[in-house]
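Open the structure in your viewer and keep the selection tool ready. This tour moves from a sheet to a pocket.

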Amino acid sequence: MNHEHYDPLETRDPAAREAQLLAALSAQLAHAQQAAPALARILEGVEASKITSRAALARLPVTRKPELLELQKAQRRSDPFGGFSTVARGPGMTRVYASPGPIYEPDAGSHDYWRLARALFAAGLRSGDLVHNAFSYHMTPGAFMFESGAQAVGCTVFPAGTGQTEQQLQAIADLRPDAYTGTPSFLRILLEKAAEAGTDITSLRKGLVGGEAFPPSLRDWFAERGLAVYQCYATADVGLIAYETASREGLVLDEGVLVEVVRPGTGVPVPDGEVGEVVVTSFSQAYPLVRFGTGDLSAVLPGTDPTGRTNTRIRGWLGRADQTTKVRGMFVHPGQVAEIARRFPEVVKARLVVSGEMANDSMTLKVEASSRPQGLEGRIADAIRDITKLRGDVQLLAPGSLPNDGKVIEDARSYR
């Protein structure tokens with residue numbers, strides 16, 4: 001570590017980083033096929049040694065959280081991890097966690113298993129700091145993700161957990177921690193309650209938050225009270241994905257994951273700058289997820305971070321990609337919209353707008369078309385009915401007409 005960066009990986013030449021990630025990719029795929037039965041089935045027929053480019057990776061299937069949950073449910077008695085874990089209970093698996101679903105995740109107990117140390121370092125935490133960790137220690141891995149990262153930096157951790165606000169304020173006043181980790185909303189509660197009670201918690205000067213949206217207005221509210229608080233983007237499945245730096249310009253991707261942004265409902269990468277779903281390939285040896293669809297929306301930011309970190313940046317969390325909507329009693333999925341678009345080479349982009357009132361709604365597929373051969377609208381309308389089993393209108397638009405917000409299905413109905 002130096003004063004500015006956690007390790008030399010952060011300032012690598014971007015081309016060298018890409019080459020190293022892709023070189024590790026084929027080995028990781030081979031490991032997943034050999035050691036994780038679920039991935040052996042998902043990647044059946046894939047020659048790992050030939051997956052050496054992002055284009056080749058993009059041809060592999062995306063596994064999203066609902067599919068992961070269903071695969072786990074199907075094997076609850078024989079393997080609660082659904083064939084995704086490569087480690088067995090015993091010395092190689094120190095803990096098991098349950099995320100909402102429930103989805104079960106193994107903890108292999110290795111040093112900084114979720115790689116949170118990098119984000120904590122970027123947030124200003126240093127060896128010798130005492131961290132007040134207010135993530136939940138109950139069943140879910142959040143608290144352990146941040147605790148293991150803080151310990152990797154050299155910090156001492158107070159396991160505060162959630163709730164019991166008065167006791168937490170007393171502990172902060174007594175122990176004088178330097179930093180906070182937890183949700184931003186709970187930090188605000190602590191500060192407001194401390195002000196009401198006259199409790200001195202001014203030792204807190206920095207923090208790293210996650211688990212919720214962190215708007216600039218709340219960041220500024222903390223700054224007005226003497227706290228420099230940063231955010232990170234991590235999930236229980238793949239660990240750290242991206243983190244904020246002192247530049248406050250988007251989030252820098254972690255060095256230990258390969259991230260794609262794809263059109264929701266598909267596995268097709270979108271151009272840089274376009275909003276899409278974040279898909280992550282993990283290099284974890286214990287839980288090697290390949291093209292894991294997080295369900296979160298984001299977009300790639302141009303340029304590199306002013307702090308000297310050279311990895312790709314994303315805009316941060318921009319909403320959820322799962323825009324499944326019920327129309328006239330039938331579910332319509334983003335993947336169905338994508339399937340309609342795939343049938344027509346003229347379609348550049350498509351967006352299904354559901355309007356009207358509940359129980360009296362209508363669908364219009366707005367389509368950016370590169371050309372408009374005769375009968376295109378009618379053929380697209382037929383495809384809508386074929387795939388969704390519902391009637392829908394078609395509106396042809398010039399390329400670039402639709403908003404860049406990641407929406408594939410827009411629910412514009414009145415719910416009054």
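Two strands pair if DSSP finds at least two bridges between them. Helices (H or I, at least four residues) and strands (E, at least two) are DSSP runs, numbered from the N terminus. This is a predicted model, where local features need pLDDT of at least 70, side-chain atom pairs count only at pLDDT 80 or more, and totals for chains, interfaces and linings use all residues. Residues are numbered from 1 along each chain as its sequence is written, and side-chain values use heavy atoms, without hydrogens or water.

**The sheet.** Select the open sheet of nine strands. Trace its order: β5-β4-β6-β7-β8-β9-β10-β15-β14, with mixed pairing. Its edge strands are β5 (156-159) and β14, each pairing on one side only.

Now pick β14 and β15 (residues 313-314): two bridges join them, and they run antiparallel. Zoom in on L301, whose bridge partner in β15 is R313.

Next, show the second largest pocket, with a volume of about 490 Å³. A pocket here is an open set of points on a 1 Å grid over the protein atoms alone, where a 1.4 Å probe fits, with protein on both sides within 12 Å along at least five of seven lines; lining residues have an atom within 4 Å of a point. The volume is the space filled by probe spheres set on the points, which are joined across faces, edges and corners.

Which residues lie nearest its centre? Select R54, V259, D272, V300 and T312, out of 26 lining residues. α1 (14-35), β11 (257-262) and β14 (300-301) each give two or more residues to this lining. β11 gives the most, with five.
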